[in-house]
Amino acid sequence: MNYFSLNNRSHSSSFENAVIRGLAPDKGLYFPENIEKLPDSFFKELPNLPQTEVAYQAIKQFVGDEIPEKELKEIIATTLDFEFPIVHVKDNVYTLELFHGPTLAFKDVGARFMAGSLGYFITKNEVGKVTVLVATSGDTGGAVANGFLGVEGIDVVILYPKGKVSKIQEKQLTTLGQNITALEIDGAFDLCQDMVKQAFLDEEIQSQRQLTSANSINVARWLPQMFYYFLAYRQLSSEGKDIVFSVPSGNFGNICAGMVAKALGLPIKHFIASNNANRTITDYLETGTYKPKPSVSTISNAMDIGNPSNFVRILELFHNEYGNVKENLTSFSYDDEVTKQAMDSVYKETGYVMDPHGAVGYLGLQEYFKTHPNEVGAFLETAHPCKFRETVQDAIGKEIEIPDSIQAVLDKEKKAISIKNYADLKAFLLK
């Protein structure tokens with residue numbers, strides 16, 4: 001499989017180069033040159049296949065022969081060594097729980113797959129030291145830190161916005177040490193993301209450090225997220241109805257990966273991008289005009305993104321035609337108060353505890369069902385409610401227990417370097 005830059009279609013890259021570089025030389029996101037549908041026989045067998053085999057069949061065309069089958073299956077087995085249960089909430093509403101991994105967040109999958117792939121290429125080709133530079137609005141930092149911890153040949157530098165991630169999220173990315181360094185930025189996530197992009201454009205830094213990104217702009221972080229949809233469909237197909245997914249959306253990598261799964265032939269009827277007050281895509285689908293905005297802080301902080309990086313990939317999937325996008329994607333936006341009300345009402349009605357991001361996904365699914373009542377849907381629970389303990393407790397009036405694995409992190413000392421601007425970041429990277 002070759003990849004091209006979304007800024008320059010004539011630029012071609014191997015999977016290995018795309019993983020190691022993160023971005024194309026022109027700073028465009030990489031996109032697969034073609035996506036071949038999987039055979040009908042695969043989908044007939046899907047409900048009975050082990051999840052590692054499902055994932056292997058889904059991802060193998062995007063890797064090609066650059067990672068041998070044995071090693072690729074080992075990476076997948078390590079990536080998916082936990083469960084992805086579908087839980088019935090009420091009526092035709094299900095949730096796909098993606099928080100059963102080591103950092104209790106959906107990003108464990110992409111981070112582990114990328115760590116395995118990048119580690120393989122570094123060892124095989126003696127690439128030398130690679131610096132993984134990543135911005136986080138919440139769960140990416142902890143997942144990347146955990147996934148890359150101790151991986152030989154890799155340093156990880158994580159930028160996160162001061163005071164805009166939860167206490168647990170902050171501890172998960174600032175307490176590991178070893179090859180992980182956390183940089184606390186005085187600003188919003190958009191500033192963190194802009195600084196990372198600027199570093200990739202900086203020739204002086206590039207001459208001294210081999211940079212790659214572990215944000216969902218990297219194909220090895222982005223594409224494995226399609227595993228969720230195959231595994232969910234495997235559990236929901238017995239319903240015998242059209243299946244839709246409501247995805248709490250920030251940088252749009254997760255939902256875009258789901259759309260790749262659909263392009264591979266997975267029979268998903270529709271996608272709902274459920275946004276918080278950061279409603280750039282909701283506005284785009286209403287007006288046809290894409291206008292990035294400064295992000296605003298919300299209780300669903302992982303979605304506090306005003307200019308989603310991966311939306312350009314969605315546009316490419318649908319040939320940059322607004323009508324095609326609108327046919328396959330619906331978007332709704334909800335403020336914090338409505339989100340809290342949903343957390344409270346669902347808990348009182350069903351006993352199910354949602355985190356703020358899952359609650360936004362639930363709201364989007366419910367609104368979609370107003371005009372599509374005969375379908376079955378799953379909203380994605382992307383993080384364990386304990387990661388937003390104070391918010392959840394305030395909304396539902398019930399104490400949320402903290403798992404032992406998280407309590408152990410909370411007892412550790414935070415270690416982070418405070419920086420204010422790009423000049424500080426550059427000085428750190430050149431040090």
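These legends accompany close-up views of a predicted model.

In this predicted model, local features need pLDDT of at least 70, side-chain atom pairs count only at pLDDT 80 or more, and totals for chains, interfaces and linings use all residues. Residues are numbered from 1 along each chain as its sequence is written, and side-chain values use heavy atoms, with hydrogens and water left out.

**View 1. Helix 3 covers residues 51–63 and bends at Gln57.** Helices here are DSSP runs (H or I, at least four residues), as are strands (E, at least two), and both are numbered from the N terminus. For the 13 residues of helix 3 that gives 18 Å, and the end C-alpha atoms are 18 Å apart, so the two values agree. Helix 3 also bends by about 30° at Gln57, where the bend is the angle between axes fitted to the seven residues ending at a residue and the seven starting there. Next comes Gly64, which follows helix 3 with a positive phi near 65°.

**View 2. Helix 3 is mostly covered.** How many of the 13 residues of helix 3 are buried? Ten of them are, where buried means under 20% relative accessible area, exposed means over 50%, and partly exposed is in between (1.4 Å probe, protein chains only). Look for Gln51, Val54, Ala55, Tyr56 and Gln57 among the buried residues, along with Ala58, Ile59, Gln61, Phe62 and Val63.

**View 3. Helix 4 and helix 5 cross at roughly 150°.** Two packed helices are described by the angle between their axes and the distance between the axes. Here the axes are lines fitted to C-alpha atoms, for helices over the stretch in contact, and the angles run from 0 to 180 degrees between N-to-C directions. The axes of helix 4 (residues 69–79) and helix 5 (residues 107–125) come within 9 Å and cross at roughly 150°. That makes helix 4 roughly antiparallel to helix 5; angles under 35 degrees count as roughly parallel, over 145 as roughly antiparallel, 65 to 115 as roughly perpendicular and the rest as oblique. Contact means heavy atoms within 4.5 Å.

**View 4. Helix 6 packs against helix 7 at an angle of about 30°.** The axes of helix 6 (residues 139–148) and helix 7 are 8 Å apart. The two helices are therefore roughly parallel to each other, and their crossing is left-handed. Asp139, Gly141, Gly142 and Ala145 of helix 6 make the contact with Gln169, Gln172 and Leu173 of helix 7.

**View 5. Ser5, Glu170 and Leu223 are three buried residues.** Ser5 sits in strand 1 (residues 2–5) and has 0% relative accessibility. Beyond its neighbours within four places in sequence, Ser5 is in contact with His11, Ala24, Asp26, Gly28, Leu29 and Tyr30. Glu170 belongs to helix 7 (residues 167–174) and has a relative accessible area of 17%. Leaving aside neighbours within four places in sequence, the contacts of Glu170 are Tyr160, Val165, Glu184 and Lys414. Leu223 is found in the loop between helix 10 and helix 11 (227–236), with a relative accessible area of 1%. Leu223 and Gly110 are 113 residues apart in sequence, with their C-alpha atoms 7.6 Å apart in space.

**View 6. Asp91 and His319 are exposed loop residues with positive phi.** Asp91 lies in the loop between strand 4 (86–90) and strand 5 (93–97). Its phi is near 45°, a positive value in a residue other than glycine, and its relative accessibility is 61%. His319 lies in the loop between helix 14 (311–317) and helix 15 (322–328). His319 has a positive phi of about 60° although it is not a glycine, and its relative accessible area is 58%.

Note on methods:
Expected span 1.5 Å × (residues − 1). Left-handed = near helix turned anticlockwise from the far one by under 90°.
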